[in-house]
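Trainee: I would like to learn how to read helix packing. Could we work through one chain together?

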Amino acid sequence: MGVTPVTLGEGADLDGFRRAVRRLIAEARPPDAVVWQTDGTPSLFDGNRGEAGADAPPISLPRAAADLIRLVVCHRDPERYALLYACVWRLLHGEGALLDIASDPLVARLALMEKSVRRDLHKMHAFLRFRRVTDDEDERYVAWFEPEHDILEETADFFVDRFRRMTWSILTPTGSLHWDRETLTVGPPGEKSALPATGAVEAGWSTYYASTFNPARANPSAMLREMPKKYWANMPETNLIPDLLRAAGSRVETLMSNAPAPSRKKDPAKAVARMREDHVRTLADLNAVIAAAEPFVTGGTRAVLGEGPLKPSLAFVGEQPGDQEDVQGRPFVGPAGQILARAMAEAGIDRDACYLTNAVKHFKFEPRGKRRLHKSPTAGEVRHYRWWLDKELDLVAPKLIVALGATAVQALTGKALPIIKTRGPFDFNGRAGFVTVHPSYLLRVPDEAAKREAYAAFVEDLAAAAALARNPTARSA
């Protein structure tokens with residue numbers, strides 16, 4: 001048997017590799033009879049690269065092997081396809097448990113390649129920074145990143161899931177991704193010169209980074225291991241790191257020299273009095289007061305204000321901003337907000353025509369390493385924020401208020417009421433309302449069937465609320 005040349009496209013040609021493997025296995029060609037090339041010429045099996053192997057029967061591999069192949073084809077080692085085909089061959093010829101043998105040289109090498117690709121994906125997820133571009137018609141975001149491997153398409157779902165409501169482009173030296181809030185497009189290599197100059201987004205992020213930098217936990221060696229300097233050029237906060245590290249020692253000494261002080265008890269009555277003195281007459285006035293006030297909860301780097309038009313048909317009130325809302329400064333942009341947006345669309349509700357806000361204006365969290373764990377506000381904290389919410393809804397003047405979850409109900413009624421008994425149309429002290437679950441509840445339902453059922457009920461609730469807002473007579477009947 002002669003040697004069979006197989007030519008795949010540049011980068012991570014997963015589809016081409018799958019077709020080639022099916023054809024090679026069907027023709028019983030062992031690994032040492034195949035030469036893999038990646039020069040991009042369309043000559044797979046001396047035929048049309050797009051069609052070769054398409055008619056070969058499928059093969060069945062363990063799930064772990066499929067995941068391994070999907071990631072290792074992203075590696076830039078020229079031998080990756082030959083190594084993967086050797087692995088597939090052995091799996092199908094009497095070594096079905098091959099991947100369980102970590103000491104096998106082939107398995108060990110593929111594991112290292114997979115680990116390298118996973119690390120590259122993690123770095124791209126963590127260190128990619130968007131910059132805002134605005135013109136007369138629209139707003140979009142652009143980022144530049146230089147991955148070690150061909151991971152651009154592998155990482156696409158991550159960024160679409162997290163930034164679904166943004167229009168963005170990710171540029172790399174080997175390709176680009178473009179998302180227009182509906183469609184993802186893979187494009188040619190980008191140019192770093194297309195990246196806009198730094199702006200308000202970078203300034204805000206730098207301020208946030210500096211405010212959360214803990215001098216007592218500064219560890220330059222660990223920081224460099226986690227965030228190598230080759231990524232620093234595209235990260236605005238890295239300009240701050242040298243000064244933050246230089247000042248860390250003196251800041252720790254200052255902290256240690258200060259005697260522990262008792263926590264300051266916040267008085268909502270004084271806050272209300274200050275607001276009255278400020279003569280709040282418009283929503284902009286109120287937002288300025290909220291933005292300038294200290295958080296009533298632990299965490300909360302900044303107030304996340306409500307957004308939407310005045311006098312809408314519907315206003316949605318949630319519990320509090322989450323991690324993504326705190327970072328972006330907008331309500332309902334995290335995972336729960338994405339579920340809400342999908343449910344609103346299915347219920348025939350235009351999100352842009354609604355007002356969205358939260359009962360508590362700051363993200364309450366507990367630091368846990370690099371993560372910020374959500375903590376529910378206490379009844380007292382909800383009460384502290386309630387006067388803001390009342391004033392906000394007075395100024396926005398929606399036809400109907402949708403309370404999302406128990407915290408929103410408590411903020412609107414002043415009482416802790418169970419959702420199961422209040423779900424449906426509700427009167428919030430003279431304001432027309434509707435009670436349903438918070439969309440984050442849908443994320444926590446463990447069973448898939450139950451989750452689909454809960455989501456369908458949530459969509460029905462939103463549709464019913466919209467119908468009530470359109471027909472006040474039906475509400476009072």
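Predicted model: local features only at pLDDT ≥ 70, side-chain atom pairs only at ≥ 80, totals over all residues.

Trainee: How many helices and strands does the chain have?

Mentor: It has 18 helices and 14 strands. Of its 477 residues, 45% are buried. The chain exposes about 24800 Å², and carbon and sulfur atoms supply 52% of that.

Trainee: What describes two packed helices?

Mentor: The angle between their axes and the distance between the axes. Take helix α13 (residues 379–396) and helix α14 (residues 406–413). They pack at an angle of about 65°, with axes 8 Å apart. Angles of 65 to 115 degrees count as roughly perpendicular, so α13 is roughly perpendicular to α14. The crossing is right-handed.

Trainee: Which residues of α13 and α14 meet?

Mentor: From α13, Ala379, Val382, Arg386, Leu389 and Leu393. From α14, Thr407, Gln410, Ala411, Leu412 and Thr413. By class, this contact has six nonpolar, three polar and one charged residues.

Trainee: At what angle do α3 and α4 pack?

Mentor: Helix α3 (residues 80–92) and helix α4 (residues 105–127) pack at about 130°, with their axes 11 Å apart. The two are therefore oblique to each other. α3 passes α4 in a left-handed crossing.

Trainee: Which residues make the contact of α3 and α4?

Mentor: α3 supplies Arg80, Leu83, Leu84, Ala86, Cys87 and Arg90. α4 supplies Leu106, Arg109, Leu110 and Met113. The classes are seven nonpolar, no polar and three charged.

Terms used. Residues numbered from 1 in each chain as written. Heavy atoms only, no water. Helix = DSSP H or I, 4+ residues; strand = E, 2+ residues; numbered from the N terminus. Buried < 20%, exposed > 50% of the residue type's maximum accessible area, 1.4 Å probe, protein only. Areas by Shrake-Rupley, 256 points an atom, 1.4 Å probe, with all protein chains shown as cover. Axes fitted to C-alpha atoms, helices over the stretch in contact; angles between N-to-C directions. Parallel < 35°, antiparallel > 145°, perpendicular 65-115°, else oblique. Left-handed = near helix turned anticlockwise from the far one by under 90°. Contact = heavy atoms within 4.5 Å. Nonpolar A, V, L, I, M, F, W, Y, C, P; charged D, E, K, R; others polar.
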